[in-house]
Number of protein chains: 2
Amino acid sequence: MTDWKTRCAQRKQAQLESIPKEWLINAPPTDRMNVMDIPKECGLLSVRELEITETVDVEVILQKLASSEWSSVEVTTAFYKRAIIAQQLTNCLTEIFVERALKRARELDEILKNTGKVSGPLHGLPISLKDQFTMKGLETIMGYVAGIGQYADSDSVLVEILYECGAVPFVRTNVPQTLMWGETHNHVFGRTVNPYNRYLTAGGSSGGEGALLAIKGSPLGVGTDIGGSLRIPSAFCGLYTLRPSYERLPYCGAANALEGQESISSVLGPMANSISGVKLFTKSIIDAKPWLKDPMAVRKEWSDREFELAYHGGGKKLCFGIMWDNGVVRPHPPLLRAMSITKRALEAAGHIVLDWEPHRHLEIYKNSETIFVADGGEDYRISCALSGEPLIETMLPDEGAHETTLEEPYVKRLVGPPQHRTTYELWNLHKEKRELRKSHLDHWESTVSRTGTGRPIDAIISPAVAYAAVPHGLNSDSFYTTLCNAMDYATSVFPVTFVDATLDHRHPPHEFYNHEDEAIYNLYDSGLFDGCPVGLQLIGRTQEEEAVIAMTEIVDRALRQYKTTNSS
Amino acid sequence: MTDWKTRCAQRKQAQLESIPKEWLINAPPTDRMNVMDIPKECGLLSVRELEITETVDVEVILQKLASSEWSSVEVTTAFYKRAIIAQQLTNCLTEIFVERALKRARELDEILKNTGKVSGPLHGLPISLKDQFTMKGLETIMGYVAGIGQYADSDSVLVEILYECGAVPFVRTNVPQTLMWGETHNHVFGRTVNPYNRYLTAGGSSGGEGALLAIKGSPLGVGTDIGGSLRIPSAFCGLYTLRPSYERLPYCGAANALEGQESISSVLGPMANSISGVKLFTKSIIDAKPWLKDPMAVRKEWSDREFELAYHGGGKKLCFGIMWDNGVVRPHPPLLRAMSITKRALEAAGHIVLDWEPHRHLEIYKNSETIFVADGGEDYRISCALSGEPLIETMLPDEGAHETTLEEPYVKRLVGPPQHRTTYELWNLHKEKRELRKSHLDHWESTVSRTGTGRPIDAIISPAVAYAAVPHGLNSDSFYTTLCNAMDYATSVFPVTFVDATLDHRHPPHEFYNHEDEAIYNLYDSGLFDGCPVGLQLIGRTQEEEAVIAMTEIVDRALRQYKTTNSS
């Protein structure tokens, strides 16, 4: 068999060849860090294509598709071209299959033309997919060399349903080897960078989606999340996302790492430049009754009542709890400012904002991280051994790494080296996890005494990550995100602001919680982060997807209103 | 520390002393096998107490309680007395706490008297609980000597909710050591026998509930089920039950064996002499929003739409598939007759009945059984070691065992001796399980081509066990039940008929599937089983509790109608 490096080089070359020659652009100089304006500057996109791709409200795109104002072929072409630009700037794609996507778009256009009817709630919409969502006839490389040449003979359930909904899957996007990193780099396709600043990571593991969507190379993407993999890239790239609860959306048939690990399940969710995209995707998939195709999918219809916030006083006067600091890693100044803005915006909109008291945060984190390596790394070893590629031990670049101050992530000290646990030991970790979930639930319920609404706090507002996007290899924090995976809380991410060097000054040092907190403190440099997006999480209860989306809409509207008022 | 045998004897003596002296009856001769009429014969119950306790429709009891026609004190007293009779005949109880239950009943009566309002949907109703449902101030012995003296400092979530619903928890009921037997015997409280024939088992692991409810010593009981533990005793004792899907009803805070085993979760469910009891319990608990107290509970409201069979054509013309034989163990003649009766009754009621084709039944069973012992028996060993009691290796009685023909259950040959699996091995078992669930779901969905209703088969009718209650120590079959735990299908059991020696002749031998099938064939003897109840399962989809209850009502009505027509 060819050695793994040669196979990677061949596959990468094949990827390059799958790009239509006329879509290649003149690459900007490598020292141009912010490439967000290249799609407009490069000349590849027509005025109409720019108009289409800069329509961030997915509902509007769908309306124009349904009314035939835009055809699926032109929408798909526009986003495809922009995705190819994104690829040349950030290396965000894996599978590129232009002809296949356009053929599908043409068919949908024909059906609409002939019948006058759309082919489903996502008619004609191009959708990008993280490199886990198996599609018949394509490889599912998923960051492992061993995936090269493995062509799928069926679609994953999500893809089946997307077809039923009338969507046009059009690209697949990059992931890290093992999927268990908050950055995106692997031996086959290489590293994905952040289009706001290519010196910084786009996050991970759904980092290909993050970079692609930031640059508007897709109107709607699908990623996955086991410890923050939807939310970290969404926060770093200025996007909206939803981490639904376990099995609310159908994972069946998608490739995965740690397959069979069911203690803290990976979930899939949408990423988009608008909350409307998040809602439309979630509702469309649930309305398709995924439980008829995926035996693990929760049999729970989309609830308009829950979306209307029946359990939250109709949304009239909500009470939010802000998690200013989880007691493990203190957020950087831009995050604190983002929370302050959100607090003022919500109060201005008539809602109540209290402080959230973190509860056993580090214990919960440690339990999850211990479970993730309870196979002692066996899954990674076997996946690498299939091709002979080495396990990637760091996300630091070989050359040009940032002068780093973090020698060892705190998680390694907490959990120790991966140990292969017995089943009985795993069951004990589950007992501990259940006790933690009960304790956290009771803690949340007990806030009813503080809110004055007659209800406990409706949702928690929290950083997704303690900082905006960091230099490659330095993203160590999943303390804020993993809480939600462990507790199975439905959680969104929404963009709030951008780092502003004139506002976000370094704070005086605090009493550090641990060496990582100190390292993260020391990393802060307003110049390094200037202009990067800053997003926050909205954390709701387990299986409360409808309410979390609705509350995110409320927060989003409040922020827009507040910004309008305060800039005028 | 006192040796375990002495502790057991002391605890058993304490149990005896907890029975009011005036409720002790003259024990019938030990060779009287059917004791079902003793409650009427023994003279302990007044005419009114007999009337109360023989009211099997729980809805009627609740109406009489709500209208103050019956007080909770008199209803609780009547059932308590009958439960104590049941205890003296079948050894079905563990915790007996008469004063506490009557105090609670008095309080409820007072509230109703003073406010004119009931205290919840289960106002005043005595409810029996399997010896897992922790109650503050009581021990939770759960079949292990180590449980003696361990007094709970809080209620399990189910008990909390039962209190909120106005119920009166009044006894706890016997279980086998380890909970992982289809019979009921442990060192502390001994063996529970079947009141229809004390030579036979009441089943297990919710066997205390089975015997108690059969003799009408409780209007409603709560058991649990990981491989058939609700359904086996319900079938052997002529009861209705519901095995809901994982976490639809709140297990949090209940004691359990194999705690932390989440691959195939144990679930709790109601057992009763009427399907109305099953519905009332399930709806009441779900309406109490268990997800606010139990972090694992599914956030899914009770759906009247699903109960009205919105997904099953409104229930007008259903299509059932009968599993005559699962290809592992052929059912005994009374079971085949019960299925024939059910088929004819359903057809007479206008429904369609097809044959269900079993699908990978043995593979599914083997996967589950392998998971159940993936700790290599560590949980059992540790639980026994706490007190020094030995692990119970057989349910055969020390004396007077039936002449048995089964040397070794087939499961032992299938799975081999328990092996302590690593986490990675467990994950591989999960992968296998997921593939099996997908395959079984697709198989079920594919029946749409055969039904003529435009829908797949609405529910499967199947034996719960291949036979009626068997002599102690001989219940080896959980092949029919475990399917539903592995696939997480919501499943009911309903009574159909009784073994009739004049009708249920031995069949000629078939080509045996395995040595256990042969042994079970040879066990059949119409005289041995004569008069025993025969029940069947109704198997629905995952999280389809509402529809399964509704379809069981339809089957139940069809059977009553059919029996009326055919006996007139």
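**Active site and surroundings**

Author: In UniProt, an unreviewed entry lists K130(A), S205(A) and S229(A) under "active site". They span 100 residues in sequence, yet no two of their C-alpha atoms are more than 10.8 Å apart, so they gather at one spot. Keep in mind that this is a predicted model.

Reader: OK, where does K130(A) lie?

Author: K130(A) lies in strand β2 of chain A, which covers residues 126–130.

Reader: And is K130(A) buried or exposed?

Author: Buried: its relative accessible area is 0%. Anything under 20% counts as buried.

Reader: What does K130(A) touch?

Author: Leaving out residues up to four places away in sequence, its contacts include S205(A) and S229(A). Among the others are R172(A), T173(A), E209(A) and G223(A).

Reader: Then where is S205(A) found?

Author: S205(A) is in the loop between β7 (197–201) and α8 (207–214) of chain A. S205(A) is buried too, with a relative accessible area of 1%. Beyond its neighbours within four places in sequence, S205(A) contacts K130(A) and S229(A), and also residues including N174(A), W181(A) and T184(A).

Reader: Switching to chain B. In what order do the strands of the open sheet come?

Author: The order is β1-β3-β2-β8-β10-β9-β14-β15-β13-β11-β12 in chain B, 11 strands with mixed pairing. β1 (93–96) and β12 (352–355) of chain B stand at the edges with a single partner strand each, so one side of each has no neighbour in the sheet. From one strand to the next, the twist averages 30 degrees.

Reader: How many bridges join β11 of chain B to β12(B)?

Author: Four, and the two strands run parallel.

Reader: Which strands does helix α5 of chain B touch?

Author: Helix α5 (residues 72–90) packs on the sheet and touches β1, β2 and β3 of chain B, at about 5 degrees to the direction of β3(B). Helix α6 (residues 98–115) of chain B lies across β1 and β3 of chain B, and runs at about 160 degrees to β3(B).

Reader: New topic: why is helix α18 of chain B described as largely enclosed?

Author: Nine of the nine residues of α18 (residues 479–487) of chain B are buried, so the rest of the structure largely encloses it. Among them are F479(B), Y480(B), C484(B) and M487(B).

Terms used
Residues are numbered from 1 along each chain as its sequence is written. Chains are lettered from A and ligands numbered from 1 in the order in which they are written. This is a predicted model: local features need pLDDT of at least 70, side-chain atom pairs count only at pLDDT 80 or more; totals for chains, interfaces and linings use all residues. Side-chain values use heavy atoms; hydrogens and water are left out. Buried means under 20% relative accessible area, exposed over 50%, partly exposed in between (1.4 Å probe, protein chains only). Two strands pair if DSSP finds at least two bridges between them. Axes are lines fitted to C-alpha atoms, for helices over the stretch in contact, and angles run from 0 to 180 degrees between N-to-C directions. Contact means heavy atoms within 4.5 Å. UniProt positions are given in the numbering used here, feature names are shortened, and annotations may be inferred rather than shown by experiment.
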